[in-house]
Amino acid sequence: MSVLDDNLLGYTDRVRRWLHELSPDTSFWSDTFIAQQVNASYRRRCTHLVMAHEGYFTNVATRDLTANQERYQWPPGLERCLKMEVVRSDGTTVPLERLERHYAANASAAVQSGGIDTYGPSFRPIGGGFVLEPAPGATTVDALRIEYFGLPTQLQVDGDSWHADFPRSLDEICILDATIACLDSEGLMETGSMRTVARQRSEWEDTWERYIDSKVVSTNKIMPFQPHYQDA
């Protein structure tokens, strides 16, 4: 018995072994369709890992700041911002608080003295990016450090593998997900029943609701560094 490779070709062969149709030439399911189901399950299970809040699939990016500019774009591929912090000129960092400001006045850039080293605003998401309040008072390179969750890319060619963060000890669930999806598609062709598709959709709907709820209730408030209490 051969050991299957840890890549898309190997994942497809594992699904075919469950389906008992090892040859795509005589199979009801094409390799392309099986790869589609493997990817769908993989990205869904990656979403479940993200909702565990254990730092899976975390990326780091930096952003330049422009004097008097308050609106900036998220890094490409961002799904959720985990932490944003200002990078000081000496290399130290200060986390920014996410604040939905409704009542307090927005301070102008004129209150900033000394450029980035005195800059400690809040931020809030808007559209495909975020707004800094107040706007920075100086132009600085790589002045913002952003930690964010980015969904792993789909597996496209035979040599592509699961993301390094994805637990190999549990990857069989993706194989079984894909196998069931293939069997559902065959049942749909034979009976014309929409029940199999409706079940698949209900499972994805449940994941969608959990993901949206997680983004709302698990928002973390990150406080800037506070010095230790000193007795007068």
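**Entry 1: a loop with a positive phi**

I started at Asn68, which I found in the loop between strand 1 (58–65) and strand 2 (71–73); helices (H or I, at least four residues) and strands (E, at least two) are DSSP runs, numbered from the N terminus. I am reading a predicted model, in which local features need pLDDT of at least 70, side-chain atom pairs count only at pLDDT 80 or more, and totals for chains, interfaces and linings use all residues. I number residues from 1 along each chain as its sequence is written, and side-chain values use heavy atoms, with hydrogens and water left out.

Phi of Asn68 is near 70°, a positive value in a residue other than glycine. Asn68 counts as exposed at 57% relative accessibility, where exposed means over 50% relative accessible area, buried under 20% and partly exposed in between (1.4 Å probe, protein chains only).

I then looked up His20, which has a positive phi of about 60° and is not a glycine. His20 sits in the loop between helix 1 and helix 2 and counts as exposed, at 70% relative accessibility. I keep in mind that most residues other than glycine have a negative phi, and most peptide bonds are trans.

A cis peptide bond turned up too, joining Glu133 and Pro134 with omega about -5°. Pro134 belongs to the loop between strand 7 (129–133) and strand 8 (140–149).

**Entry 2: the overall layout**

I noted four helices and eight strands in the protein. From the N terminus on, the order reads α-α-β-β-β-β-β-β-β-β-α-α. Of the 232 residues, 35% are buried. Among contacts (heavy atoms within 4.5 Å) with a separation of 6 or more, 73% are between residues 24 or more positions apart.

How many residues of helix 2 are buried? I found 14 of its 20, so I call this helix mostly covered. Helix 2 reaches 28 Å from its first C-alpha to its last, close to the 28 Å expected at 1.5 Å a residue; the expected span is 1.5 Å times one less than the number of residues.

Leaving out residues up to four places away in sequence, Ile34 touches Thr12, Val15, Arg16, Leu19, Trp29 and Cys182.

**Entry 3: aromatic rings**

I counted rings of Phe, Tyr and Trp (its six-membered ring) as paired if their centres lie within 6.5 Å, with planes under 30 degrees apart stacked, over 60 edge-to-face and the rest tilted. That rule gives eight aromatic pairs. Tyr42 and Phe166 are edge-to-face, 5.3 Å centre to centre with 80° between the planes. Which parts of the chain does this pair link? Tyr42 is in helix 2 and Phe166 in the loop between strand 8 and helix 3, 124 residues apart. Tyr42 is buried at 1% relative accessible area, and Phe166 is buried at 4%. Tyr11, Tyr42, Trp162 and Phe166 form one aromatic cluster.
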